[in-house]
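Please look at the sequence and the model first.

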Amino acid sequence: MRRRYEFVSSQRGRGRDDDEKRKINRTSSDGKRPPALRLKKVRTIEEGDAPRESKGTNIINKSTTLYDKDTGDLVAIFLKNVLPEKMKLIGRKLINFRGKSDSRGAYAGNKKRNLVKSGKNKGIHDIAGKSANSSLVGYLLPYLVKNPKPQLSSFSKKDLELYEGELKTLYKYVDGIIKRIDPQGYKGYLYNMRNVPSSVEISKLITNVQVNVDQVAHYHIDNGNANQYGTLLTFYPSGVEFTGGEFILGEYNTAFNLKEGDLLYVNQFSPHGTLPFKGNRLSTVGFQAKKILKYYDKQKGEGKDSNIVYVIPSYKRKDVLMKKTLSVLEKYNIPKKDIYVFVANAQQKNEYKEVEDMGYKLIIAKKGVLGARNFIVDYFKEGQKIVSLDDDIRELVMMVNKKKTKVLPDLSSFIKGAFDELEKNNLQLGGLYPIDNPFFMKKKISKDLRYIIGVLYFFINDKSQKINPKFHLGEDYARSVKSFIKYGGVLRYNYISFKTTYYTKEGGLADARKGTIKGETPEVISKKALYKMYPDYIIPIEKKGQFDIKLKKINSKDP
């Protein structure tokens, strides 16, 4: 069933700019992003469809930050005239990489399936119905080659001097802009590139650049990219400005009037394309190629079974962390190199220095459990296997019978098996039974909609699954519902649980629960917002005179 969306913006027609009438979050928390707009998705887009401007299309003409109104997720940052003249001139030269590609079906507006009846390539393959004026610059893994090794693309070899020199100068400059406007994303993308040799990278943040010349892009999603946000630039190869050609986010019906000197930092996993144009238009997209990253991760021993990390957000509770969760992980012989502790700020990092001295990775994230957990999603690459733990876990237990539990014998084997189960069922999120009472536990693994408690959960990193800050005291409910909606189920081990201490007096979530706003606690406010957002998945309940919620019983969407 296609989801219907409502219009939020009333801006209409090319060139009209009503941003001043919608002053929503005019400044960002870091003071470096431009004024913000919050828009809702308004329609469903099919890949391969030709973008068209309607009277309801929002045309963005000035520096703007765009957030999704429902989720709070960043959609795009648009910066006008941020490239100096030297960089513009370099951009125009990139026409030297001009070429045609037969592998970009949806991008070119058509895709068909080709049957190869015999030989090493036997089978059905998706191919483009027509070629696109698009060339891939940088290293790639050859298509349909057994055990391929990265090699420089033929388009790159057309001008090696430009590739090794000015192209890398341009994207080094772009890296600096990204570091300023999205420092969290910058750190995450640096981490993605940790195993890529400098000889293969174009810049510290990207492996490849897609160069498109005089090509109208039909709606598509950049599924081959490891990074959620790509950098889009346009140039005037003939020195004359083109008209039209706005970059459009189809689901939001919002387009950016992207001209030479501008930069668009945009969610590549949202369907996008370009509107028709007149004149000569050259566009470039810098991104991280998923296949290249996976190849070098594997070379470094970070293959399918070894790329599991354990993350622990902690705030003002160093001693608790060391005595409990870190002690538990040590008993299970989890390597310290795979354990990351995320703290709120430089002061907290100094207070937790003993943890770092013990060999654990200590990373400055953001204050608050949800802030840290969203930071973690940004910090690690797409597809990373992550186990998230609270800092006060005393023990992990499993059900023996209705009266007895025992200590979980092997955490590492359990976690590896759990990720295998996620992948087998095409799911993203899994967790444990929320209380350690064996009377209520069952010796089964469920895939329907269940509450995945935040004390210990495991997931395959998906940057679209970050949680809106307004749900910060119900974020594990929000996470459970969001993953269920997108993947059709969540995995829960109903015979395994943990021992912990809820609602401590200081640190962690205790600080966030303090006080009231208009007579309601922050937790009630968060849960009411959740119910309003997901009424089809959440049941409101009264508990001891307080508002609370629980999840509806909804079966998994097995294929």
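Q: Is Lys-168 buried or exposed?
A: This is a predicted model, in which local features need pLDDT of at least 70 and side-chain atom pairs count only at pLDDT 80 or more, while totals for chains, interfaces and linings use all residues. Residues are numbered from 1 along each chain as its sequence is written, and side-chain values use heavy atoms, with hydrogens and water left out. Buried means under 20% relative accessible area, exposed over 50%, and partly exposed in between (1.4 Å probe, protein chains only). Because its relative accessibility is 16%, Lys-168 counts as buried.

Q: Which residue forms a salt bridge with Lys-168?
A: A salt bridge is a side-chain nitrogen of Lys or Arg within 4 Å of a carboxyl oxygen of Asp or Glu. The closest N and O atoms of this pair are 3.0 Å apart.

Q: How many residues apart are Glu-354 and Lys-318?
A: The two form a salt bridge, with 3.2 Å between the closest N and O atoms. The pair links distant parts of the chain, Glu-354 in helix H10 (residues 353-357) and Lys-318 in helix H7 (residues 318-323). Helices (H or I, at least four residues) and strands (E, at least two) are DSSP runs, numbered from the N terminus. The separation is 36 residues.

Q: Are Asp-548 and Lys-527 buried or exposed?
A: Asp-548 forms a salt bridge with Lys-527, the closest N and O atoms being 2.9 Å apart. Asp-548 is in strand S30 (residues 546-551) and Lys-527 in helix H14 (residues 522-533). Both residues are buried.

Q: How many salt bridges does the structure hold?
A: Some of them link into a network, made of Arg-373, Asp-390, Glu-475 and Arg-479. The structure's count of salt bridges is 27.

Q: How many residues are in the largest nonpolar core?
A: A nonpolar core is a set of buried Ala, Val, Leu, Ile, Met, Phe, Trp, Tyr and Cys residues joined through side-chain atoms within 4.5 Å. In the largest one, Tyr-310, Phe-342, Phe-380, Leu-411 and Phe-458 touch the most other members. Another core, apart from it, has 35 residues, including Val-137 and Phe-235. The largest core has 79 residues.

Q: Where is Phe-440?
A: Phe-440 is partly exposed, with a relative accessible area of 45%. The place of Phe-440 is in the loop between S24 and S25.
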